[in-house]
Amino acid sequence: MATETSRERGHDTVMDVTAEQLATVYAKAFLEASKQADSAATPDAIDELGAVVTEIIERFPDFSEAVRSAFLSHEERVALIDRVLGGRVASVVLRTLKVLSAHNRMELLGSVARQSRELHERDNGRVHVAVTAPQELSADLVSELEAALRAKLGVEPIIEPTVDPDMIAGVKIRVRDTVYDGSLKTIFAKARQSIVERAIERIEHDPKHFLMNEPTGDAANGGAE
């Protein structure tokens, strides 16, 4: 049973990776089509695609289920999309929805919207930075972090602050897949590990020093009668 569970988890992971890769392909195609149609309007198109997800797909489950349904033909799904969104969103957004429907990939819409925004921001030198602190960051501290990250990374950081009451002090910063952990808890843990490693090194270097017998008899009593 455990083996079957492991296989299922491995299969799910592969499926997740494949879905993300497919979403990246659709996101890049959406951005390219948007730039060709009107480069200046690309940010608005990205916002509209995201709004379709948050304001329509997530809020109206019946519509979401219908446009993903395998029981409806592509033509029926397109007619529904046109009826609900036609004339209300940019044509490039409408075409993207229809392309996803044609390939039975409407379940990727959320990932496509997210990746479109991330790719566009990356192309324009902007990077999301997750900052975790034990309390809410002040506006001045956010500005200081932005300036420091801008100077260090050469990009325009988009700070996304979160609060972790379990942290003692300091901050933890995540940029893409890299984490810079300056919390005191981590500093203390590293310090303890360093002490242990130094002790082990000393033991290995001079084991006799750590294997001396405890004093007994008069020596233990300081020689007093």
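User: Why are helices H4 and H5 called roughly antiparallel?

Analyst: Happy to start there. In this predicted model, local features need pLDDT of at least 70 and side-chain atom pairs count only at pLDDT 80 or more, while totals for chains, interfaces and linings use all residues. Residues are numbered from 1 along each chain as its sequence is written, and side-chain values use heavy atoms, leaving out hydrogens and water. Helix H4 covers residues 74–85, and its axis comes within 10 Å of the H5 axis, crossing at roughly 160°. Axes are lines fitted to C-alpha atoms, for helices over the stretch in contact, with angles from 0 to 180 degrees between N-to-C directions. Angles under 35 degrees count as roughly parallel, over 145 as roughly antiparallel, 65 to 115 as roughly perpendicular, and the rest as oblique. The pair is therefore roughly antiparallel.

User: What is the handedness of the H4 and H5 crossing, and which residues make the contact?

Analyst: The crossing is right-handed; that label applies if the near helix is turned clockwise from the far one by less than a right angle, and left-handed if anticlockwise. H4 brings His74, Arg77, Val78, Ile81, Asp82 and Leu85, while H5 brings Leu94, Leu97, Lys98, Ser101 and Ala102. Contact here means heavy atoms within 4.5 Å. By class, that is 6 nonpolar, 2 polar and 3 charged residues. Asp, Glu, Lys and Arg are the charged ones, Ala, Val, Leu, Ile, Met, Phe, Trp, Tyr, Cys and Pro are nonpolar, and the others, Gly among them, are polar.

User: How do you know whether Ser101 is buried or exposed?

Analyst: Buried means under 20% relative accessible area, exposed over 50%, and partly exposed in between, with a 1.4 Å probe and protein chains only. Ser101 has 1% relative accessibility, so it counts as buried. This H5 residue touches His74, Arg77 and Met106, leaving aside residues up to four places away in sequence.

User: What makes Asn104 worth a remark?

Analyst: Asn104 has a positive phi of about 55°, yet it is not a glycine. Most residues other than glycine have a negative phi. Asn104 lies in the loop between helix H5 (91–102) and helix H6 (109–123).

User: What makes H2 and H6 roughly antiparallel?

Analyst: Helix H2 (residues 42–57) and H6 pack at about 150°, with axes 9 Å apart. That angle makes H2 roughly antiparallel to H6. The crossing of H2 and H6 is left-handed. Among the H2 residues in the contact are Ile46, Leu49 and Val53, and among those of H6 are Leu109, Val112 and Ala113. By class, the contact of H2 with H6 has 9 nonpolar, 5 polar and 2 charged residues.

User: How do H3 and H4 cross, and at what angle?

Analyst: The axes of helix H3 (residues 61–68) and H4 come within 8 Å and cross at roughly 145°. The crossing of H3 and H4 is left-handed. Phe63, Ala66, Val67 and Arg68 of H3 meet Arg77, Leu80, Ile81 and Val84 of H4. The contact of H3 with H4 divides into 6 nonpolar, no polar and 2 charged residues.

User: Why is Val131 called buried?

Analyst: Val131 has 0% relative accessibility, so it counts as buried. Val131 sits in strand S1 (residues 126–133). Its C-alpha is 4.6 Å from that of Ile173, 42 residues away along the chain. Among the residues that Val131 touches are Leu137, Leu145, Ile159 and Val171.

User: And why is Ile159 called buried, while Arg122 is called partly exposed?

Analyst: Ile159, in strand S2 (residues 156–163), is buried because its relative accessible area is 13%. Ile159 touches Val129, Val131, Val142, Glu146 and Leu149, again not counting residues up to four places away. Arg122, in helix H6, has 46% relative accessibility and so counts as partly exposed.

Definitions and conventions:
Helices (H or I, at least four residues) and strands (E, at least two) are DSSP runs, numbered from the N terminus.
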